[in-house]
Amino acid sequence: MVAPCPTSMMVRTKKTKAVGVPTIDLSLERSKLSETVVKACEEYGFFKVVNHSVAKEVISRLEEEGTAFFSKTTSEKRQAGPANPFGYGCRNIGPNGDMGHLEYLLLHTNPLSVSERSQTIASDPTKFSSAVNDYIEAAKGLTCEILDLVAEGLWVQDNFSLSNLIKDVHSDSLLRINQYPPVSLTGNKNSDTSKLEPHQLHNQNNNNNNNNIGFGEHSDPQILTIMRSNNVDGLQISTHDGLWIPVPPDPNQFFVMVGDALQVLTNGRFRSVRHRVLTNTTKARMSMMYFAAPPLNWWITPLPKMVTPLNPTLFKPFTWAQYKQAAYSLRLGDTRLDLFKIQ
Ligand code: GA4
């Protein structure tokens, strides 16, 4: 059973249904835990984990590095960009014209790539690389723990079959730090927009309107995403029946999202969660996501256990590289898995 959500997390959606985000206590007894994780993945493709073993200091060091980077001047930040696909990005998301009210750093998790990139990102590249690499290791450990619970809960023969997909040294996992601008409470207009910082431009263009799109609706292509943010609202997830649920932030905990690749690996038993970020807060939201993926040349096919004569395979086999290529050729909100469905 998914733990009932505490009252403070209950939200009322437009359709006046009270819906809560499932919360999973990782210190619970293991057999219960694996059932609970599978149920949350099936029902929401999303859950929050508490009592995880990631050290607070690992989180705060990355947050400090993020804050230091985003508080640099625009021209300094641009030296770490453009994000095609890795590096600093501002407003542009992906290569096909998607835009959001955010700036970000998108990094490959390979330590060599982190160390090379950190030269243009931080004044102390060694400190930056160390904070990033420690966070990646911790997020990877948590992801493996969750994937092992998933495998156990699905009664897959090899409990490590999912976590092994992301443990390989050539794993294509990514780290993203997003910063969403605050909504200004003053309405002063500035006519020279070229001198404005991203958040000022955002405020200027939006007349303090609520519900600006920080990051548009989409699912993540990878296996699993581990997300954490500062104490600022904005994230919403979509339920299977299309209701948007705001997710209250919890800076000391992590949120887990099922990605498209896990939908395929479970032959559709789990569905990747569609989510978005709205920017209507007076404080900047900073979030950090670890996207767990296999090496580029590995095949993504349903686990044998998930395919039976009654549940034949729903997807054509593809490599992770082929899937990424499809993702980058489409728009952010497209349901790219449709390209690989067996009709
Ligand atoms: C969504 C999840 C990750 O943030 C990301 C994004 C990527 C990007 O920003 O470059 C994509 C997007 C994400 C899915 C479709 C493509 C690729 C932008 C885009 C339009 C880094 C990822 O892996 O896929």
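1. I started at Ile226. Setting aside residues within four places of Ile226 in sequence, its contacts are Ala139, Leu142, Thr143, Phe254, Val256 and Tyr290; two residues count as in contact if their C-beta atoms, placed from the backbone, lie within 7 Å. Ile226 sits in strand β9 (residues 224–229), where helices (H or I, at least four residues) and strands (E, at least two) are DSSP runs numbered from the N terminus. Ile226 is buried, because 23 other C-beta atoms lie within 10 Å; buried means 20 or more such atoms within 10 Å, exposed 12 or fewer, and partly exposed in between, with C-beta atoms placed from the backbone. The C-alpha atoms of Ile226 and Val49 are 9.8 Å apart, although 177 residues separate the two along the chain.

2. A word on the ground rules. Residue numbers run from 1 along each chain as its sequence is written. The model is predicted, so to speak with care: local features need pLDDT of at least 70 and side-chain atom pairs count only at pLDDT 80 or more, while totals for chains, interfaces and linings use all residues.

3. For the overall picture, the chain has nine helices and 16 strands. Of its 343 residues, 41% count as buried. Among contacts in the chain with a separation of 6 or more, 71% are between residues 24 or more positions apart.

4. Take α2 (residues 56–70) and α5 (residues 125–153): they pack at about 135° with axes 9 Å apart. α2 and α5 are therefore oblique to each other, given that angles under 35 degrees count as roughly parallel, over 145 as roughly antiparallel, 65 to 115 as roughly perpendicular and the rest as oblique. Their crossing is left-handed, that is, the near helix is turned anticlockwise from the far one by less than a right angle, with clockwise giving right-handed. From α2, Val58, Arg61, Leu62 and Glu65 meet Phe128, Ala131, Val132, Asp134, Tyr135 and Ala138 of α5. By class this contact has seven nonpolar, no polar and three charged residues; Ala, Val, Leu, Ile, Met, Phe, Trp, Tyr, Cys and Pro count as nonpolar, Asp, Glu, Lys and Arg as charged, and the others, Gly among them, as polar.

5. Helix α4 (residues 111–121) also packs on α5 at about 135°, with the axes 8 Å apart. That makes α4 oblique to α5, and the crossing of this pair is right-handed. The α4 residues Pro111, Val114, Ser115, Ser118, Gln119 and Ile121 meet Pro125, Phe128, Ser129, Val132 and Asn133 of α5. This contact holds six nonpolar, five polar and no charged residues.

6. How do α1 and α5 cross? The axes of α1 (residues 30–43) and α5 come within 8 Å and cross at roughly 95°, so α1 and α5 are roughly perpendicular to each other. Leu33, Ser34, Glu35, Val37, Val38 and Cys41 of α1 meet Ile146, Leu149, Val150, Glu152 and Gly153 of α5. The classes here are seven nonpolar, two polar and two charged.

7. Please also look at the ligand. It is surrounded by 16 residues, the closest being Pro85, Gly94, Asp220, Ala327 and Leu332; a residue counts as near if its C-beta atom, placed from the backbone, lies within 6 Å of the molecule. β6 (98–108), β7 (174–180) and α9 (320–329) each supply at least two residues of this shell. The shell divides into nine nonpolar, three polar and four charged residues.

8. Some backbone details are worth checking. Most residues other than glycine have a negative phi, and most peptide bonds are trans. The bond joining Gly81 and Pro82 is cis, with omega about -5°, and so is the one from Asn84 to Pro85, with omega near -5°. Pro82 lies in the loop between α3 (74–78) and β5 (87–93), and Pro85 is in the loop between α3 and β5 too.

9. Finally, two positive phi values. Arg91, in strand β5, has a phi of about 70° although it is not a glycine; Arg91 is partly exposed, with 14 other C-beta atoms within 10 Å. Asn267 has a positive phi of about 50° and lies in the loop between α8 (260–265) and β13 (275–279). Is Asn267 buried or exposed? With 20 C-beta neighbours inside 10 Å, Asn267 counts as buried.

Conventions
Axes are lines fitted to C-alpha atoms, for helices over the stretch in contact, and angles run from 0 to 180 degrees between N-to-C directions.
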